[in-house]
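Subject: The model I promised you

Hi,

Have it open while you read, as I go through it piece by piece.

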Amino acid sequence: MSVRPAPRGVATAAAHRLAAVRARRGRWVGWEIPPFGGIVRPRVVTVFVVVLGLAAAALVASVSIGQFPIPVGDVVRALTGTGGADAALIVRELRLPRALTALLVGAAFGLAGALMQAVTRNPLASPDLIGISAGASTGGVAAMLIGGVTAAGAGSYPTVPFGALVGAIVAATVCYGMAFRDGTITGFRFVLVGIGVQGALTALTGWLLARADINEASRAMVWLTGSLNGRGFEHAWWAGLALLCCVPPVVALIRPYQLSQYGDDTARALGVPVDRARMLLLLASVVLAAVATAAAGPVGFVALAAPQIARRLTATADLPLLTSGAVGATLLLLADLAARLVLAPIELPVGVVTGAIGAPYLMWLLTRAHQSGRAG
Amino acid sequence: MTTLVGDGLRLAYGDRVVAEGFDITLPAGKITALVGPNACGKSTALRALARLLTPAAGAVYLGDAPIADFSHRELAQRLALLPQTPVAPDGITVRDLVARGRTPYQRWWRQWSRADEEIVDRALAATGTAELADRNLDELSGGQRQRVWIALALAQQTPVLLLDEPTTYLDLAFQVDVLELVAELNERNGTTVAMVLHDLNQACRYADHLVAMRAGTVVAAGPPAEVVTAELVREVFGLECRIISCPVAGTPIVVPEGRSRRGRPRVSPGQEVRLT
């Protein structure tokens, strides 16, 4: 093989048409869409579109189904402002904000999980298992208890995202600092340290609650289970803002994101500034997890399961980033729907549902990781 | 043809200094083998040459320019490294892995192209892994997997290739297979190669230039036939041995002293060894 650079002409000629790319033996690879897409693999795109469609369907179902059922047609009319007043009130003021919050929070958790699992190369390194969500919880509870003295009801909410963000970043910094050895972090150490941090923070949250006024504490408890009840547009807005801020830089870092799954040495040898990329990707993950936690409480297992489900759906070796977000959104919407319907008219916190489904999954993951020795 | 030179390097992990005042030259277009006992700093030296480890003092020069001056991307277009135990995600196919080698040439406005596809095909063909292109990496034998990793480095199209213990964990036939491949690539492309090897005989056989290290210093460097002597092996490995000539390539072969098999007389140093 020559060491000369690739002939330019070939690249530019190919850069101006959408072409089916075939490998040497005629195996169809996908469509080439220069200059942006690289090779688009039909399965990945199809899965992403289907999951997005599922999320949209779950959103509509979530708005339509409830104690006062509203047909899909009426939902659309209520949204466009042509429907009846009752339906419009229920859709616009009650159900849509809640469904939107579920969608955005689920997407944020899915992305946060994919980022952290990829960067640490460990499927157990999920924000809800290694202290990031716990840090956000501690910060959020602290903000509620401090802010709650002056503001009544959900009025203390505006301080929660900041408390959660501070708590999550402190927790992440501690995890990162303690897992850092010889110029790198290993996923295994990161998870072990994170479980310790999680324990310490849970204790701290407990201490804060024990000291607090009983009414404040019970309100914080509901938030801590992870609940979407009574969520308004302000919650959706925060989660949306976090996604808007984090998704573009993360997509710009998509190649370091993919290569981080190949180990530091290989990634560096392929020209990725590993340390910088890892910090940025982890920061994005922490911000997404913190803001999602602030909006809906530390809903467990979505961040853990969404990337792995997405990877199995797309059948790629890498964790698909955007698909993970879409899967997370769908999961949380469906879980919330289940939380509302299973024991209707009693409504469960959504965290109970994700926990009930997620815990067996975690056990399965642990036994499997142990068998194949892949947890490290 | 590019030389890689380490000049006055001080190599340390935190407070633990591995090498001090370390000089090394990889001659252009030649295969250099780094040999020495365990923990003598060979892999550390290779990591410093690849800029995976920043030296506390001194500098590494690629041609005339210090490698610290290259951007990540520029360096990856000039220098490829195969780590000792590379990792890949579960279930990746051979072709997808080798395609990652084109990363240093891609930008968001210049994504995957036909030229990249062709280069990947050539890398697969050159390493004899074209037949495995659609298989999962997990399914392959150790030797095949090592060939695939070398194909990844080849797809980077660099004038310099560094290999950290490319033959470790492979059985003898695969070791020879990988070394033959490296020699072939070096001959065909004039690639400057450096590899850390454990087997001194293989190093003598395949390297043009041998660097013997002990405790973070270069004890001897030069063509194996001139450098490898019983004294050197004693000094570097603390092993008594005799040097004989390889019947195939005429390169030095190290035969350890020590006990002979039970019930057989030892051959004294002056006695002739008959090769059959």
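One definition before we start: helices are DSSP runs of H or I with at least four residues, strands are runs of E with at least two, and both are numbered from the N terminus. Please also keep in mind that this is a predicted model.

With that numbering, let's begin in chain A. A:R121 lies in the loop that links helix 4 to helix 5 (132-147) of chain A. Is A:R121 buried or exposed? Buried is the cut-off word for 20 or more other C-beta atoms within 10 Å, and A:R121 has 22 of them, so it is buried.

B:R51 is not a glycine either, yet its phi is positive, at about 65°. You'll find B:R51 in the loop between helix 1 (42-49) and strand 4 (57-62) of chain B. B:R51 counts as buried because it has 20 C-beta neighbours inside 10 Å.

Now the helix packing. As a reminder, two packed helices are described by the angle between their axes and the distance between the axes.

In chain A, take helix 2 (residues 42-64) and helix 4 (residues 85-120): their axes come within 9 Å and cross at roughly 150°. An angle over 145 degrees counts as roughly antiparallel, and that is therefore how helix 2 and helix 4 of chain A run relative to each other. The crossing of helix 2 past helix 4 in chain A is right-handed. On the helix 2 side of chain A, the residues in contact are A:A55, A:L59, A:S62 and A:V63, and they meet A:V91, A:R95, A:L96, A:A99, A:A102 and A:L103 of helix 4. By class, the residues of this contact between helix 2 and helix 4 of chain A are eight nonpolar, one polar and one charged.

In chain B, look at helix 5 (residues 142-155) and helix 6 (residues 172-189), whose axes come within 9 Å and cross at roughly 20°. Angles under 35 degrees count as roughly parallel, so helix 5 and helix 6 of chain B are roughly parallel to each other. Helix 5 of chain B also passes helix 6 in a right-handed crossing. Here B:G142, B:G143, B:Q146, B:R147 and B:I150 from helix 5 of chain B meet B:F174, B:D177, B:V178 and B:L181 from helix 6. That contact of helix 5 with helix 6 in chain B splits into four nonpolar, three polar and two charged residues.

B:C204 sits in helix 7 (residues 200-206) of chain B, and it counts as buried, with 24 C-beta neighbours inside 10 Å. Leaving out residues up to four places away in sequence, B:C204 touches B:L210, B:P224, B:V228, B:T251 and B:P252. B:I243 is 39 residues from B:C204 along the chain, and their C-alpha atoms are separated by 11 Å.

Finally, chain B as a whole. It has nine helices and twelve strands, and 46% of its 276 residues count as buried.

Cheers

Notes: Residues are numbered from 1 along each chain as its sequence is written. Chains are lettered from A and ligands numbered from 1 in the order in which they are written. This is a predicted model: local features need pLDDT of at least 70, side-chain atom pairs count only at pLDDT 80 or more; totals for chains, interfaces and linings use all residues. Axes are lines fitted to C-alpha atoms, for helices over the stretch in contact, and angles run from 0 to 180 degrees between N-to-C directions. Angles under 35 degrees count as roughly parallel, over 145 as roughly antiparallel, 65 to 115 as roughly perpendicular and the rest as oblique. A crossing is left-handed if the near helix is turned anticlockwise from the far one by less than a right angle, and right-handed if clockwise. Two residues are in contact if their C-beta atoms, placed from the backbone, lie within 7 Å. Ala, Val, Leu, Ile, Met, Phe, Trp, Tyr, Cys and Pro count as nonpolar, Asp, Glu, Lys and Arg as charged, and the others, Gly among them, as polar. A residue is buried if 20 or more other C-beta atoms lie within 10 Å of its own, exposed if 12 or fewer, and partly exposed in between; C-beta atoms are placed from the backbone.
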